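Work through the following exercises with the sequence and the 3D view at hand, and try each task before reading its solution.

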Amino acid sequence: MRSLFQFLVVIILTIPASLNALDSIPVDPSFSRQTIGTFIEYIEDRGKKLSIDDVVVSEEWKRSKTESLNFGFTESAYWFRFAINNSTGGPLNHLFELTYPLLNYVDLYVPSETGYTPIKTGNKYPFYHREIEDKNFMFHLKNGPGTSIYYLRIETASSMNFIPILMSQKAYYKSMQTQLPLVWIYYGLMMIMMVYNMFIFIASRDRSYVLYVIFILMYILFQMTLNGYSFQYLWPNAIWWACNALPFFMCMAIFFAAVFIRDVIESRHLLRSLDKIFLYFIMPLSVGWAIASLLVKYSLAIRVATGIIGLLAVAQLVMIILAIIKKSRAARFIALGFGGLVFGIMLYVLKTFGVLPEIFITEWGIQIGSSLMVVFMSLGLADKINVMRRELKTLLTEQQESERLAVERAEYLEGVVQTATGLTDESIKASDQLQKITDRFTDLSMEQASTSEEMSSTFEELSASVDTIYQSTIHQKDEGEKSKALVEDLNIAQKGLIQESQRVEETIRKILDSTGSTADSLQKMTDTMHVINAGGKEITTFIAMIDDISDRINLLSLNAAIEAARAGEYGRGFAVVADEIGKLAQATSDNSKEISKQISKIISDIESGTNIVTGTKESTDVIFRMVNAIGSGVNSVRELMTKQSSALEMVIRQAGIIDTMSKDIASSTKEQKNSMEATQKTIDRLSEMAMEISQANHQIIDFTKTIHEKALSLESVIRKPV
């Protein structure tokens, strides 16, 4: 009770001062509707710590000078107060409206018997939580007669910008009857334009129309969210989405507007540099921030989104102006549409700041401007259709001419098709034959590769054999040179032997010449011996000595015969015989002295001497015959040696020829060895070429299959009925 008493005392004490400082709003029975911005005072609560008790006794109130209260984006909470003088004679039955539907927390403190009763609302509460279901914040004031002071606390992350309006219920209903039809006419027009252009897209498949439809849809959602209709009708219970959707729809609407304008005015051809800036910087920025706006604080999201819209709007306006300069018809209609929207926004802003009065055109400037925008943009698309129709008419004329030419070409192509049919059959046959040839070529290449490998191994063995032959030929050449030297030595010896044979032949000839005289001498000696034998009896005394001499002569004859036989080699034995004969002569001289002494003995030996002489004659005849035979043999030997000399000369010549041939064979063998090495390299290359041919053959096979398939496809196309 004590605290209540203290509160009443404070109220009573402060009411006079408050009433003196605050102008009240007069409300009589004729009151209908009034904007009360200039009747309102406010306090900025920077720390958000002030309570209703604090602001009631505060002396820091400031008076508003405009009908629209605009504090922009602020982190502070604001307290407002206004007074109403009820002179209707009964309870107050009026409505208090705040025209900005995006305020987060709105608390109206209504005076009561116990102080002030708060009425809480805002878009942080579900829509059904509101006292009056309206897109704006509406409060029902029911105080009795007299002056009443109302306090209002507002805290929001969006822009704190609203117009306070006091109206009677009749004025509210009248306003609803006036506004709602216009609102739904506006949104109906937007929906009609969207559906109309969607049907055109379905018919024409021109992507400009679907981009335009998406832009209209994004703009409708943006406009409905800004005006509070989306929270009222689309998602009344989605508080988070209702509080954060506006930056998203703002960015998406301006993004699709940019995409649509780029496509319609064909900026990628007319304005390439600016188009790249749009494509790689501005447009990705808007889409990126549309997504980021759902993740960051709303106060930051709405500010950045507003800046992006301003940037894109200026860039689009520059692009449109440049496109108009470059004679773009579509850019003219888009410029008119944007001009209408900008004009409507300017009227609304001027009305909001109190520069222009609140009339129909200022109140509905944005809607009128956006309607003009969609209409002129649709006209731009329609003009595009007209241009396309004219181009189509031109194309139809050209098509008729083309059809005439096509008929002529069809007749020509018919003949070509017939020719192609024949060529196709021939191509298929040729393809089959080419396939067979390719298969055979494959077998041959494989066989060639195998043969090359075998030939390579054979040539390796042959190269080794040739190398052995080459080494043997070199050895044969060396041995041939040695044989040639030996033959030459043999030839020299042979010539010496021939000369010695000639000397022996001359000696034997002399012996043969002396053989006749020797035979005569022996005959005479035989006759003498017979005489001696007859007179042997007379010279008996000399027989012994004669026998002795005869023995010596016999021995000398035998030695002469032996030495004569040996003279066939060298002929030196006759010197010994001569020496012995000399000695014999000396002995005979010596013995002649004794002959007288021995004559007696000779007589006795004459008879035996005669027999011995006879035998000697017979032996001498045999020797003579043997000497004759030796002479004949010497002749034969001389002839054989002459033939042997000729043969040796031929052998020497042949040895020279063989030596020359050996050198030629060695040279040829060396060249053959080099050729074999080159041939080995060639065979290795042939083997590599065989492998390459095999690989190429596989490619030929694939190409042949492709030709065959294409020929079959061409045949099916040609034979396909038209």
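**Exercise 1.** How many cavities of 30 Å³ or more does the structure hold?

*Solution.* This is a predicted model, in which local features need pLDDT of at least 70 and side-chain atom pairs count only at pLDDT 80 or more, while totals for chains, interfaces and linings use all residues. Residues are numbered from 1 along each chain as its sequence is written, and side-chain values use heavy atoms, without hydrogens and water. On a 1 Å grid over the protein atoms alone, a cavity is a set of points where a 1.4 Å probe fits but cannot get out, and lining residues have an atom within 4 Å of a point. Grid points are joined across faces, edges and corners, and a volume is the space filled by probe spheres set on the points. The structure holds two such cavities of 30 Å³ or more.

**Exercise 2.** Describe the largest cavity and its lining.

*Solution.* Begin with the volume, which is about 60 Å³ for the largest cavity. Next, find the lining residues, among them Pro 101, Arg 130, Phe 231 and Trp 235. Finally, sort the lining by class (Ala, Val, Leu, Ile, Met, Phe, Trp, Tyr, Cys and Pro are nonpolar, Asp, Glu, Lys and Arg charged, the others, Gly among them, polar): five residues are nonpolar, four polar and one charged.

**Exercise 3.** Which residues line the second largest cavity?

*Solution.* The second largest cavity, with about 40 Å³ of space, is lined by Leu 102, Asn 104, Asn 123, Ala 242, Cys 243, Leu 246 and Tyr 298. By class, five of these residues are nonpolar, two are polar and none is charged.

Methods: 1 Å grid on protein atoms, 1.4 Å probe; cavity = no way out; pocket = protein on both sides within 12 Å on 5 of 7 lines; lining within 4 Å.
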